[in-house]
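Visitor: Before we go through the labels one by one, could you show me the model and then tell me what each label rests on?

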Amino acid sequence: MKNTLLILLLTFTTTIFSQKFTEQDTLRGSITPERAWWDLNYYHLDIEVKPDEKYISGSNTIRYKVLEKQDVLQVDLQPPLKIKKVTQDGKELEVKSNGNAHFIHLKKEQRKGDFNEVIVHYSGKPKEAVRAPWDGGFSWKKDSNGKHFVATSCQGLGASVWWPNKDHMYDEVDSMAISVKVPKGLMNVSNGRLRKVDEATNTYHWFVKNPINNYGVNVNIGDYVYFGEKFEGEKGTLDMDYYVLRDDLEKAKEQFKDAPKMMKAFEHWFGPYPFYEDSFKLVQVPYLGMEHQSSVTYGNQWQQGYLGRDLSSTGWGLKFDFIIIHEAGHEWFANNITYKDAADMWVHEGFTSYSENIFLDYHYGKEAAEDYVIGLRQNIVNDKPVIGPYGVNQEGSKDMYYKGSNLLHTIRQLINDDEKWRQILRGLNKDFYHQTVTTQEIENYISEKAGMDFSKVFDQYLRTADIPVLEYELSENVLKYRYTNVIDGFDMPLQVFLGDQAHALIPSTEWNTNKIEGLPEFKVDRNYYVNSKKLN
């Protein structure tokens, strides 16, 4: 009876607070008991890709450390792919499946501190991407010469759409081998460094030395040619490698000139590139692009801006190739610093949208950067909070991009010390190096290092869909002002202009007054993401 009441209560709670979420959402989005007891150490993904049949087969060896004694291990794999068998120490194991989650019943005693392996064998025709990278899976295309041009993308949807793994962001594998057999005449490019090519079978063996999140793993297959360069960076010489279709080599040599410019700007503002051991790659793909770790994919059609468009409508967005700058920015925010839960995706997208601004700041100056990030506000819809619900693999509002970057730009104004701000951004990448994080950890870090409490600012911009409004009245010799459309206790300092004179205000939800001279023109400093409303 007690269990029945608990189930009814949980059902009622779920219905009230998360009507659209299912058991599958929870199995995918939460740290289940069958995930919590083991820590990822190593993967070897070993597959064959048959583009003619749109078919893959192979295995993933999963090495893990036992944290607590248990005997059931959850691995994720999405239909129509099927697990053929799972073995440990050569013995086949029982697997019980619940949708995308597969529960492996282990025979061997799992002793705390031990490192063990399971090998998951699988095959099938994986989900075909409908609109990559937003609706991901495998993209099965052909190039202009009729040769296969194939790539994977799976953020949000999950890496388990094409390979079996622990499909939750909280636990990154420490290192990984990727072996991909492809038809003769084609090349596979994946993450990390190419260790060898087995010419007899045309199998490409890649190895990733650094921790990597599961959606950052990729397969790219095509009639690729290679060129590259060396970048003298903060941690020494970085290999920058480029793989593009044969017919696009000359276009790529021109367009990819943005890559070392990107690296110079981002190392200055964010700190050293986080994956020197694995190199940096740009790889041409048949979709727009994605931030796959050390294997950033590119499909911006050799154009400036976003497919030739300036997202800010200021002109500055056409000064760079959006996909090169934005997707490479994710190497710091997404791949180096990775969210634990999809609800905190703004940590990836807000900071990386801001990286476009930082690129402009470095190469074109502070005013250009301001114009650009402020111009992005036209794309904000304020439909729902930027932070989503936790534990169900659900992101928040798409405003995480442009609202996120404008939040960070506003915080830069509040700190009012660009060198301190730069050291905070670099410090994030140093102190959370190769870690998974919560938004609360990021918020606390910025407040601590700035010496200012930004908790109400983060709550306002990330946890509500409301933008602060500064209401004001002007009468001769008096300015009266207050915040509306804000959370309780919101009192973010603000710079305003009375005529051409800058003044610092600390508005609250209560009316405040300042003495002024005459009736000057009033406006809020544009660098603060705040609306204003004159009442008289």
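Guide: Let us start with a term: a salt bridge is a side-chain nitrogen of Lys or Arg within 4 Å of a carboxyl oxygen of Asp or Glu. By that rule Asp361, Lys366, Arg412 and Asp418 are linked in a network of salt bridges, and a search of the whole structure finds 29 salt bridges. This is a predicted model, in which local features need pLDDT of at least 70 and side-chain atom pairs count only at pLDDT 80 or more, while totals for chains, interfaces and linings use all residues. Residues are numbered from 1 along each chain as its sequence is written, and side-chain values use heavy atoms, with hydrogens and water left out.

Visitor: What makes Asp167 and Arg28 a salt bridge?

Guide: The closest N and O atoms of Asp167 and Arg28 are 3.6 Å apart, and the limit is 4 Å, so the pair qualifies. Asp167 lies in the loop between strand 10 (148–153) and strand 11 (175–181), and Arg28 in helix 2 (residues 23–29), so the pair ties together parts that are 139 residues apart in sequence. Helices (H or I, at least four residues) and strands (E, at least two) are DSSP runs, numbered from the N terminus.

Visitor: Why is Asp167 called buried?

Guide: Buried means under 20% relative accessible area, exposed over 50%, and partly exposed in between (1.4 Å probe, protein chains only). Asp167 has 1% relative accessibility and therefore counts as buried, and Arg28, with a relative accessible area of 16%, is buried by the same rule.

Visitor: Why is Lys112 called exposed, and what is the label of Glu68?

Guide: Lys112 has a relative accessible area of 61%, and the cut-off for exposed is over 50%, so Lys112 is exposed. Glu68, at 46%, falls in between and is therefore partly exposed. The side chains of Lys112 and Glu68 meet in a salt bridge with an N to O distance of 3.7 Å.

Visitor: How do you know that strand 5 and strand 13 are edge strands?

Guide: Two strands pair if DSSP finds at least two bridges between them. The open sheet of eight strands has the order 5-4-8-2-1-11-14-13, with mixed pairing, and strand 5 (91–92) and strand 13 (193–198) each pair on one side only, as edge strands.
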